[in-house]
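Dear colleague,

Please find below the structure that I am handing over to you.

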Amino acid sequence: MAIARRRSRSKRVVEDSLRVGDSELAATAADKYDLTMEQAAVIAEFEDYGDLDTTKELILTAVEKPTNFAVLAQRKRDDRAEAERLQQARR
């Protein structure tokens, strides 16, 4: 990614920054609760899926139990993937 090379940043950091920049909810939560860029990017990811309940749960976890944030995010990704597999199997 050209931006990453020009700014001497990793591709992941640039992608996370762009994702958060496209999400008013993630950007606001990051500012209000002093979230990391990675946390804010995960919140934007779930917002993109339209899963506002999970975004709220992730924000709360980031604030109250930040060490559990990554585990919760992965569990929610796994749950979504499983739901998609079940939906595909029913077709």
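**Helix packing in the model**

Helix 3 and helix 4 cross in a right-handed sense (the near helix is turned clockwise from the far one by less than a right angle; anticlockwise is left-handed). The model is predicted, so to speak of local features requires pLDDT of at least 70 and side-chain atom pairs count only at pLDDT 80 or more, while totals for chains, interfaces and linings use all residues. Residues are numbered from 1 along each chain as its sequence is written, and side-chain values use heavy atoms, with hydrogens and water left out.

Overall, the protein has six helices and zero strands (DSSP runs numbered from the N terminus: H or I of at least four residues for helices, E of at least two for strands). Read from the N terminus, the order of elements is α-α-α-α-α-α. Along the principal axes, the C-alpha atoms fill a box of roughly 45 × 35 × 25 Å.

Leu 25, Ala 26 and Ala 30 of helix 3 meet Ala 40, Ile 43, Ala 44 and Glu 47 of helix 4 (contact means heavy atoms within 4.5 Å). These residues comprise six nonpolar, no polar and one charged (Ala, Val, Leu, Ile, Met, Phe, Trp, Tyr, Cys and Pro are nonpolar; Asp, Glu, Lys and Arg charged; the others, including Gly, polar).

*Helix 2 with helix 4.* The axes of helix 2 (residues 11-21) and helix 4 come within 8 Å and cross at roughly 55°. Helix 2 is therefore oblique to helix 4, and their crossing is left-handed. On the helix 2 side, the contact is made by Asp 16, Ser 17, Arg 19 and Val 20. Helix 4 contributes Met 37, Glu 38, Ala 40, Ala 41, Ala 44, Glu 45 and Asp 48. By class, this contact has five nonpolar, one polar and five charged residues.

*Helix 4 with helix 6.* Helix 6 (residues 69-90) packs against helix 4 at about 20°, with the axes 11 Å apart. This pair is therefore roughly parallel, and the crossing is left-handed. Gln 39, Val 42, Ile 43, Glu 45 and Phe 46 in helix 4 meet Phe 69, Ala 73, Lys 76, Arg 77 and Arg 80 in helix 6. The contact divides into five nonpolar, one polar and four charged residues.

Arg 80 has a further feature: its charged end sits over the ring of Tyr 49, 3.6 Å from the ring centre (NZ of Lys or CZ of Arg within 6 Å of the centre and within 35 degrees of the ring normal).

With kind regards

Conventions
Axes fitted to C-alpha atoms, helices over the stretch in contact; angles between N-to-C directions. Parallel < 35°, antiparallel > 145°, perpendicular 65-115°, else oblique.
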